[in-house]
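Okay, thanks for coming, everyone.

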Amino acid sequence: MLHTSPVAGKPPSELTVAVAGATGYIGKAVVRECVRRGYKTKAYVREESVERAKSLDYLKGAEVIGGSLDDSAEVGAKLFQEPVDVVISCIASRSGAPADAWKVDHQANVHLLDASLHAPTPAQHFVMLSAFCVRKPELVFQHAKLKFENYLRGKQDEITSTIIRPTAFFKSVSGQLEIVQKGYPYVMFGDGEICKCNPISEADLAEYIVKSIDDQSMHHQVLDVGGPDEGLTPKRQAEILFEVVGKEPRFIAVPIGLFDAIIGTIDFFAQFFDGAKDAAELARIGKYYAVEDMLATGGGEQYGQITLREHFARIAKEGNEYDPYTTMFSSKKEA
């Protein structure tokens, strides 16, 4: 194991940081934070997104580089021909469907790490954005992330690393903003008290991720992190949302057993239709997040200043960022 970090304590102006997944929800906040702190920052994006990415405010100050993560040789040629000291991986599968999970959450990360280690000047520190839920793996994407975590930890003689497992993002619990604003009931599972969560804002999480570059105590660590709130049940999250938008709380309670019926039905059809396998996995993901705690409130696990109430107040005025997987009750905004 590399006991002494080669990057901790160095002035940001002397270090180059490459961020993969730079246009994603967390990736773009990480790029902004790296630039704000004075790191020489490279934003690695899809080839077809380069021109658009160069015009985005949150990537200003970063060098935008286009390429794929399908092959370590291509990543090396595009991203590591010039020295990169730190790599931050914010890549994640969008849907969690099995093929996408293994391709992105595992294999793309392997290509990124291998390319960084075999570069003319190998990278010295690797930060992986993982997920709190891998502590209890039942889903394909969780197993894919864990497999890469283990691969990364197996390289500790070659590179220092930090694995960060956030509880949940604010956008994951904001998807019903528009329907509540329109006076419709909030949809929750069971009595809304089954599980608890303390999600973290993208800005606070980005600060925590970038902080790990310079903080040697965070190196060779797997770190759970949540936001400043204490555990909030889905019902309490909804009550806060109703308070913020000035509406009387109304709820639709969906029996949690409905998931089992849906999963069982889809699994039956998956015997005959391959496409149904993805649908069954998506249903399992839905149930998992409806019943499992995403709660990090132990010593040092809560980080940041932005509460969920403050987030709800902001998006109630500014609008919610559209995402097809987390804002399913909302409409896509015009660009």
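Let's start at Phe251, where Lys235 lies over the face of the ring, at 5.9 Å from the ring centre. Keep in mind throughout that what you see here is a predicted model.

Staying with rings for a moment: how many aromatic pairs does the structure hold? The count is 10. One of them is Tyr25 with Phe169, a tilted pair, with 5.8 Å from centre to centre and 40° between the planes. What I like about this pair is where the two partners come from. Tyr25 is in the loop between strand S1 (16–20) and helix H1 (27–37), and Phe169 is in the loop between strand S6 (160–166) and helix H6 (177–181). The two are 144 residues apart, so the pair links distant parts of the chain. And is Tyr25 buried or exposed? Tyr25 has 10% relative accessibility, and the cut-off for buried is under 20%, so Tyr25 counts as buried. Elsewhere, ring pairs tie Phe126, Phe148 and Tyr151 together into a cluster.

Now, cysteines. How many disulfides do we get? The answer is 0. A quick reminder: a disulfide is a covalent bond between the sulfur atoms of two cysteines. To be counted here, two cysteine sulfur atoms have to lie within 2.5 Å. Take Cys90: the closest cysteine sulfur belongs to Cys34 and is 8.5 Å away, which is too far for a bond.

On to the helices. Two packed helices are described by the angle between their axes and the distance between the axes.

A few single residues before I stop. Val180 sits in helix H6, and with a relative accessible area of 0% Val180 is buried. If you want a sense of scale, go from Val180 to Thr265: that is 85 residues along the sequence and 31 Å through space, C-alpha to C-alpha.

Next, find His220, in the loop between helix H7 (202–214) and strand S8 (221–225). The phi of His220 is near 55°, a positive value in a residue other than glycine. His220 is partly exposed, at a relative accessible area of 21%.

Last stop, Gly304, which you'll find in the loop between H10 and H11. Gly304 is also partly exposed, with a relative accessible area of 21%. From Gly304 to Asp85 the separation is 219 residues in sequence and 26 Å in space, C-alpha to C-alpha.

That's my tour, so over to you.

Note on methods
Residues numbered from 1 in each chain as written. Predicted model: local features only at pLDDT ≥ 70, side-chain atom pairs only at ≥ 80, totals over all residues. Heavy atoms only, no water. Phe/Tyr/Trp six-rings, centres within 6.5 Å; stacked < 30°, edge-to-face > 60°. Helix = DSSP H or I, 4+ residues; strand = E, 2+ residues; numbered from the N terminus. Buried < 20%, exposed > 50% of the residue type's maximum accessible area, 1.4 Å probe, protein only. Lys NZ or Arg CZ within 6 Å of the ring centre and 35° of its normal.
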